[in-house]
Amino acid sequence: MTDDAPVTEAPVTEAAEEPDIRRLDNLLEDLYRGQERISQADIYRRAVSAELPAQLLTRIAALPEGEYAVDEAADLLGGSVT
């Protein structure tokens with residue numbers, strides 16, 4: 001007997017994303033300590049050094065080049081730092 005039902009992936013829950021968002025928030029807080037604006041390239045380099053998950057690295061890499069204030073970066077990346 002075989003099950004011909006399509007295989008679907010389980011949805012990602014907010015609880016599963018929370019540790020990643022906390023890591024992103026911690027990174028942004030650390031990066032912006034004493035800084036008003038940071039370039040996309042610097043955010044990406046620090047995220048790689050911090051070994052953030054691939055999903056977050058992809059989001060950061062997708063940001064247009066330029067400099068961002070902490071609230072702009074958090075909004076664009078799904079963080080909660082303001």
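Guide: A helix here is a DSSP run of H or I that spans at least four residues, and helices are numbered from the N terminus. The model is a predicted one. With that in place, consider helix H4, which covers residues 70-77. Its buried residues are Val70, Ala73, Ala74 and Leu77. Viewed down the axis of H4, these buried residues fall within an arc of 100°, so they line one face of the helix. After H4 comes glycine 78, which has a positive phi, near 90°.

Glutamine 40 belongs to H2, which comprises residues 40-49. Glutamine 40 counts as buried because its relative accessibility is 11%, and the cut-off for burial is under 20%. The side chain of glutamine 40 comes to 3.0 Å from the backbone oxygen of isoleucine 60. Leaving aside residues up to four places away in sequence, glutamine 40 touches Ile60, Ala61, Leu63, Pro64, Glu65, Gly66 and Tyr68.

As for the chain as a whole, it contains 4 helices and 2 strands, arranged along the sequence as α-β-α-α-β-α. Of its 82 residues, 30% are buried. Among contacts between residues at least 6 apart in sequence, 58% link residues at least 24 apart.

How values were computed:
Residues are numbered from 1 along each chain as its sequence is written. This is a predicted model: local features need pLDDT of at least 70, side-chain atom pairs count only at pLDDT 80 or more; totals for chains, interfaces and linings use all residues. Side-chain values use heavy atoms; hydrogens and water are left out. Buried means under 20% relative accessible area, exposed over 50%, partly exposed in between (1.4 Å probe, protein chains only). A polar contact is a pair of N or O atoms within 3.5 Å; within protein, one must be able to donate a hydrogen and the other to accept it, and residues adjacent in sequence count only if both atoms are side-chain atoms. Contact means heavy atoms within 4.5 Å. The arc is that of the directions from the helix axis to the C-beta atoms.
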